[in-house]
Amino acid sequence: IVGIRLNSHLVPPALLGVYGVFLTFAPIGTWLVHAGLVKLVARNWAASDRRADLWRQVALTWARRLPWLALAAAAAAFAMRGLPETRPLPLILALFFSASLLALAALAQTALQAERTHWRDCAVSATGSLTRTFAPPLLFAATTGTVNALWLGFCLHGCVTAAAGLWALHPYWRASRNGPDQNSRPAFPLVYEGPLFIALAFVGWALPGLNRWVVAGFFGEVQAGYFTLASGALVLPATLGAVLMQYFQPGLFTLGDGSAALRPTLARRVDLIALVHALGSLAALGVLVWVGPYLIGNLISPRYRDALGWLLPVGCFGTATITGVFYHTLLLAGRQERACGPVDLTHAALLAGGSLIAAAAGGQLWFERWLLVTPLVPWLVTRPMARHYVLRPGADPAPAPAR
């Protein structure tokens, strides 16, 4: 809430639009280059009895992938080259620095969530929220008022958040003295680091930021600024999704590691969690839309009044994407990793294709209408596909490296 006030009062819509596009590339470390590593920590950390060894191996793997992250940052800077006030070298450095540190922070938080040390995870999350909220706009206001100040503030956010994550894992800084843990070694080549999961990582990174690119490309930087401010509504489905996933994911993985007779129970539990998330998110978004006009002036600058129209469409698309994550987790819990390909790619293709077609063929009105109906997509398509793969005969869970 404070961030909305700061951004709307301190940053002009056009520059906020450029910054919003930058933010779509900021997670390329977590969601693309290091995505397999994050999934490995989530799936194996809780069961490992040699977490110090596992963390050391994870940290080394994170460092070995940094050259690939540098290439991804350069490609992202090339994609943003036409936006106002963007210079290649500062942009590449800002993307690389922030994305690498945020990936490290995500690995730490994933480990904390897997072992259910929730207060330490809360401390890291709160630190990240504070620095992300205050550092970019305040640095922008205190300096020359260029978009470079926003990027520098975001880099500061990445640095502080990564430091907090590393501090939270300080019990595991020293590797075990009993030799390497064979069971904890990352088994990437056959599971999470093959071409399938690289493609899924790319889709997982691109889908949440796709609509900012669509708005900027079809409707201009000013509308992209409104859309970026309205993207604050994503905190509602995102926070509820994070709470539910953090609380239930370890239990889902335990069910998935059990006998085949537990698969229907696993699927029903994911259905219930996803339904609670969808209904809760839409109800919260409805309240936000209702109170939105009353926020103009006190919380939101009047020059951002047109952002109110984007609140519900943005939130609905966010609800749809996070619902798909629950069914991705269902497939991982059931050790049906290969099925993530057809399920996740179909889910993403429908959401992305619909956005592009609606914007190109129908303009802003039909684009907004499409975003409003996107929460139906995972229930009509993604859920039936995921349940098919998990519940089909002969879909007994197998150890991940054997797949």
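Trainee: Is W55 buried or exposed?

Mentor: Relative accessible area decides the label: under 20% is buried, over 50% is exposed, and anything in between is partly exposed (1.4 Å probe, protein chains only). W55 has a relative accessible area of 5%, so W55 is buried. W45 is also buried, because its relative accessibility is 0%.

Trainee: What should I know about the model itself?

Mentor: It is a predicted model, in which local features need pLDDT of at least 70 and side-chain atom pairs count only at pLDDT 80 or more, while totals for chains, interfaces and linings use all residues. Residues are numbered from 1 along each chain as its sequence is written, and side-chain values use heavy atoms, leaving out hydrogens and water.

Trainee: How many aromatic pairs does the structure hold?

Mentor: Rings of Phe, Tyr and Trp (its six-membered ring) pair if their centres lie within 6.5 Å; planes under 30 degrees apart are stacked, over 60 edge-to-face, and the rest tilted. The structure holds 14 such pairs. W45 and W55 are edge-to-face because their planes stand at 85°, with ring centres 6.4 Å apart. This pair links distant parts of the chain, ten residues apart: W45 is in the loop between α4 (35–44) and α5 (51–64), and W55 is in helix α5. Helices here are DSSP runs (H or I, at least four residues), numbered from the N terminus, as are strands (E, at least two).

Another edge-to-face pair is Y247 with F248, at 5.0 Å centre to centre and 85° between the planes. Y247 counts as exposed because its relative accessibility is 56%, and F248 counts as partly exposed at 29%. Ring pairs also link F218, F219, F227, W310 and F367 into a cluster.

Trainee: Which ring does R81 lie over?

Mentor: A charge sits over a ring if NZ of Lys or CZ of Arg is within 6 Å of the ring centre and within 35 degrees of the ring normal. R81 lies over the face of F78, 4.0 Å from the ring centre. Likewise, the charged end of R369 is over the ring of W366, at 4.6 Å from its centre.

Trainee: Where does S231 lie, and what does its side chain contact?

Mentor: S231 is in the loop between α11 (221–230) and α12 (235–256). S231 is buried, because its relative accessible area is 9%. A polar contact is a pair of N or O atoms within 3.5 Å; within protein, one must be able to donate a hydrogen and the other to accept it, and residues adjacent in sequence count only if both atoms are side-chain atoms. A polar atom of the S231 side chain lies 2.8 Å from the backbone oxygen of F227.
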